[in-house]
Amino acid sequence: MSELSSLFCKVKITKSQLDKFLNSPPEKPELNDNWLKWWDSRKMYSKMPLTSKLLRFYDDNNSNEEILNGWISYQEAMAFSDYDETTEEWHWGIMFFSENYLEMLPMFAFIISLEKYVSESPENRAIVFPFFWGDNGVHVYIHFEEGKAILSATVQTTYDISPEMLTYTKEYLNKKWDDLTKDMDLD
């Protein structure tokens, strides 16, 4: 049985743009060459072709904020959202996200829809990987450049990610784990 991977996202975004994004309805993703190349690069059991029907999004929500709040209120997921107005950085993630690609697709569409709101930065990224389980596989690595969110077909393992970015990601997730579990009895 597979274990749940973690999701971490860090983007530069102004407060007004973040508010616009959160108040916007979820966007239906467009099945394009980037989605198809990324999908084809993934290793999975019983893999089927990616179709528009499989490329789902969170269409039962009225806003992106409802999506985020839904994850945060699901306590077992241990989701978080931190915005720093000084640095204009938004960090958010889900400690226990998923291990199933089809279940992950709506969240990837959510992340990609950020592309028209974020400020340009080489640090804008999202990653889904088995943070807790010691495996180096990467389910997805999304980076943003020139106003576009790109699903990387070439990032297969954590070794394919800049060591500085990976260290930052792990340190942030460790900090959030400490924050989220400080009042829990973990015995």
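Helices (H or I, at least four residues) and strands (E, at least two) are DSSP runs here, numbered from the N terminus. I'm working on a predicted model, where local features need pLDDT of at least 70, side-chain atom pairs count only at pLDDT 80 or more, and totals for chains, interfaces and linings use all residues. Residues are numbered from 1 along each chain as its sequence is written, and side-chain values use heavy atoms, with hydrogens and water left out.

I looked up E146, in the loop between β5 (140-145) and β6 (148-151). Its phi is near 50°, positive although E146 isn't a glycine. E146 has a relative accessible area of 73%, so I noted it as exposed (over 50%, 1.4 Å probe, protein chains only).

Next I went to S46, in the loop between α2 (33-41) and α3 (64-73). S46 also has phi near 50°, a positive value in a non-glycine residue. It counts as exposed because its relative accessibility is 70%.

Then pockets (open sets of points on a 1 Å grid over the protein atoms alone, with protein on both sides within 12 Å along at least five of seven lines; lining residues have an atom within 4 Å of a point). I found 22 residues lining the largest pocket, with K43, M44, E99, Y101 and H139 nearest its centre.

The second largest pocket comes to about 300 Å³. I get 15 lining residues there, and N32, W35, I112, E115 and K148 lie nearest the centre. β6 gives the most to this lining, three residues.

Methods: Buried < 20%, exposed > 50% of the residue type's maximum accessible area, 1.4 Å probe, protein only. 1 Å grid on protein atoms, 1.4 Å probe; cavity = no way out; pocket = protein on both sides within 12 Å on 5 of 7 lines; lining within 4 Å. Points joined across faces, edges and corners; volume = space filled by probe spheres on them.
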